[in-house]
Amino acid sequence: MGTVKKEFAVPPVVFPSGGNPNIQQRRGVATAPFQPPRQTGSSIPFMSFDIGSAAAASTSSGSIYGGPIGGGSIPGGANFEDEEPLLDELGIHPDQIWKKTKSILNPFRVKPDVHKDSDLSGPILLYMFFGLFQLLAGKIQFGVILGWIVVSSIFLYVVFNMLAGRNGNLNLHTCTSVVGYCMLPVVVLSAVSLFLPQAGLLRFAVAGVFVLWATRICTSLMVSLADGGDEHRGLIAYACFLIFTLFSLLVIF
């Protein structure tokens with residue numbers, strides 16, 4: 001038997017005249033890398049690739065705040081020159097501290113008007129100097145000084161108001177401020193004692209002078225700043241004498 005041949009209709013393969021397009025693309029010139037589309041209406045200047053638009057946006061933003069960037073102005077038209085000094089915001093007034101300190105130097109002329117506005121900045125400064133002079137003498141007494149100041153202020157506050165009765169209007173803040181500023185003679189004593197002999201009557205005599213100085217100033221200020229103390233000036237002076245004698249013992253011994 002003879003074999004029968006079947007013919008299949010195969011469509012002709014037509015190649016482009018330029019060859020394989022994929023091979024041509026590979027062999028051709030390299031295309032530019034991907035670039036994101038530019039947004040002409042973008043409100044964020046640093047997202048834009050246009051340097052000119054970024055500069056214009058920064059200039060316009062600077063004009064919103066009342067001036068160029070870095071010109072020292074604050075948004076809203078305010079200025080650093082209008083701000084109060086830092087010490088005033090903290091309640092520390094160096095001029096008042098100096099006036100109150102000078103008023104203590106003359107024990108025969110008391111100025112109670114200067115001490116009407118009580119503060120604790122000056123007393124704390126005097127406590128630090130007192131502790132520093134004691135440290136130079138070889139005595140670490142910062143904690144002792146602070147503790148005795150608190151106890152002494154409360155003691156004098158209680159004694160004065162008990163003596164004055166219903167008329168007593170001395171508050172604890174004023175009492176602490178007066179006691180603190182009247183510690184100036186004791187601070188001077190601690191500085192002078194660095195040059196005095198460790199033993200002898202001279203050291204006790206000098207300490208007695210400074211204690212009487214501090215007692216007179218403190219008593220006069222207490223009686224002048226609060227009501228009801230005129231009749232009991234002697235008892236108030238005795239309480240002040242005990243307080244400053246106690247601090248002078250830290251210096252002597």
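Keep in mind that the model is predicted.

Let's start with helix H5, residues 121–136, and helix H8, residues 184–192. Their axes lie 9 Å apart, at an angle of about 20 degrees. That angle is under 35 degrees, so H5 counts as roughly parallel to H8. The crossing of H5 and H8 is left-handed. Who makes the contact? From H5, we have Leu126, Phe129, Phe130, Phe133 and Gln134. From H8, we have Leu184, Val186, Val187, Ser190 and Ala191. Sort the residues of this H5 and H8 contact by class, and you get eight nonpolar, two polar and no charged.

Now the second pair. Helix H4 covers residues 94–105, and helix H9 covers residues 201–225. Their axes come within 10 Å and cross at roughly 120 degrees. That makes H4 oblique to H9. H4 brings Ser103, Ile104 and Leu105 to the contact. H9 brings Trp213, Ile217 and Leu221. Here the contact of H4 with H9 has five nonpolar residues, one polar and no charged.

Cys240 is in no disulfide either. For Cys240, the nearest cysteine sulfur is again that of Cys218, at 3.5 Å. The cut-off for a disulfide is 2.5 Å.

Are these two cysteines buried or exposed? Cys175 has 0% relative accessibility, so Cys175 counts as buried. Cys240 is also at 0%, so Cys240 counts as buried too.

Technical notes: Residues are numbered from 1 along each chain as its sequence is written. This is a predicted model: local features need pLDDT of at least 70, side-chain atom pairs count only at pLDDT 80 or more; totals for chains, interfaces and linings use all residues. Side-chain values use heavy atoms; hydrogens and water are left out. Axes are lines fitted to C-alpha atoms, for helices over the stretch in contact, and angles run from 0 to 180 degrees between N-to-C directions. Helices (H or I, at least four residues) and strands (E, at least two) are DSSP runs, numbered from the N terminus. Angles under 35 degrees count as roughly parallel, over 145 as roughly antiparallel, 65 to 115 as roughly perpendicular and the rest as oblique. Contact means heavy atoms within 4.5 Å. Ala, Val, Leu, Ile, Met, Phe, Trp, Tyr, Cys and Pro count as nonpolar, Asp, Glu, Lys and Arg as charged, and the others, Gly among them, as polar. A crossing is left-handed if the near helix is turned anticlockwise from the far one by less than a right angle, and right-handed if clockwise. Buried means under 20% relative accessible area, exposed over 50%, partly exposed in between (1.4 Å probe, protein chains only).
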